[in-house]
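The structure comes first, and the comments follow.

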Amino acid sequence: MKEKLKIDIVSDVVCPWCTIGYKRLEKAITELGIQDQVEIEWQPFELNPNMPPEGQNVNEHITEKYGSTTEQQNQSKEMMTEAGAELGFKFDYFNEMRMVNTFDAHILLEYAKDFGKQTELKMAFTKAFFSDRKDVSKVEILKETLISVGLNADDALLKLKNEEARNEVRTKQNYWKSLGVNSVPTIVFNRKSAVTGAQPIDTFKQVLSELIAE
């Protein structure tokens, strides 16, 4: 039995390009028909580790962090919305949208891994935030999302108060940062090679084909 190609995706649940990158990677895997030859694991990265509980208006946040003008932001949102639509994903940007803290979501993604539901939960969080206008830092939203993918929400939410679970996420974040990962998505193959950003489907197909043939 040939070993599966291990794919680590370092990303955040409120990162639009991470969603687009994953959807393109998924399409490449499907088009190559290698679904049973790859194994995906999501790795934690916070775009805004110091985001306070109340969050911050997205437009304000992006201006503050990147110095983008309103016009640049609108162009960027339009581009992401179009790219998402091509992949069957809806980005619904609105004026009151807030950037939120995602640390708890990452703890729950670690929990979901043990049940083989990590990717499903990751996409459910992303959809809640970008498509359904929901605050994925709120416990009730986290709970609702866990239930929607068939996980035991009460059991999972206990992890949020578990210091060991919190430290595990911090350790993983530090591990990837120590390897020089400072932008997401970073997609790592067999812990040997990596690509960053939402690459085109054909690029992913080329990389995957070469790695599977090895």
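1. N190 is partly exposed, with a relative accessible area of 32%; the class covers values between the limits for buried (under 20% relative accessible area) and exposed (over 50%), computed with a 1.4 Å probe on protein chains only. The residue sits in the loop between β5 and β6 (193-196). With a relative accessible area of 45%, R191 is partly exposed. Helices (H or I, at least four residues) and strands (E, at least two) are DSSP runs, numbered from the N terminus.

2. The model is predicted: local features require pLDDT of at least 70 and side-chain atom pairs count only at pLDDT 80 or more, while totals for chains, interfaces and linings use all residues. Residues are numbered from 1 along each chain as its sequence is written, and side-chain values use heavy atoms, with hydrogens and water left out.

3. Two further backbone details deserve attention. V184 and P185 are joined by a cis peptide bond with omega of about 5°, and P185 belongs to the loop between α8 (163-178) and β5 (186-189). G67, which follows α2, has a positive phi near 70°.

4. How many aromatic pairs does a search of the whole structure find? The search gives eight, where rings of Phe, Tyr and Trp (its six-membered ring) pair if their centres lie within 6.5 Å, and planes under 30 degrees apart count as stacked, over 60 as edge-to-face and the rest as tilted. The pair of F91 and Y93 is stacked, because the ring centres are 6.1 Å apart and the planes are at 10°. Both of these residues are buried. Y175 and W176 form an edge-to-face pair, 5.0 Å centre to centre with 80° between the planes. Y175 is partly exposed at 37% relative accessible area, whereas W176 is buried at 3%. Ring pairs also link F89, F91, Y93, F129 and F130 into a cluster.

5. The largest pocket has a volume of about 400 Å³. A pocket here is an open set of points on a 1 Å grid over the protein atoms alone, with protein on both sides within 12 Å along at least five of seven lines; lining residues have an atom within 4 Å of a point. Grid points are joined across faces, edges and corners, and the volume is the space filled by probe spheres set on the points. Of the 23 lining residues, P16, W17, I62, Y66 and M80 are the closest to the centre. The lining of the largest pocket has 15 nonpolar, six polar and two charged residues; Ala, Val, Leu, Ile, Met, Phe, Trp, Tyr, Cys and Pro count as nonpolar, Asp, Glu, Lys and Arg as charged, and the others, Gly among them, as polar. At least two lining residues come from each of α1 (16-32), α2 (58-66), α3 (70-86) and α5 (118-130).

6. The second largest pocket holds about 270 Å³ of space. Its lining comprises 14 residues, with E3, K4, L5, N190 and L211 nearest the centre. By class, five are nonpolar, three polar and six charged.

7. L208, in helix α9 (residues 201-213), is buried at 0% relative accessibility. Not counting residues up to four places away in sequence, L208 touches L5, I7, L25, A28, I29, L32, I34 and F189, a contact being heavy atoms within 4.5 Å.

8. Helix α4 (residues 103-113) is largely enclosed by the rest of the structure, because nine of its 11 residues are buried. The elements that cover the buried residues of α4 include β1 (5-11), β2 (38-44), α5, α6 (139-148), α7 (153-158) and α8. K172, located in helix α8, is buried with a relative accessible area of 17%. Leaving aside neighbours within four places in sequence, K172 is in contact with E41, Q43, P44, E110 and K113.

How values were computed:
On a 1 Å grid over the protein atoms alone, a cavity is a set of points where a 1.4 Å probe fits but cannot get out, and a pocket is an open set with protein on both sides within 12 Å along at least five of seven lines; lining residues have an atom within 4 Å of a point.
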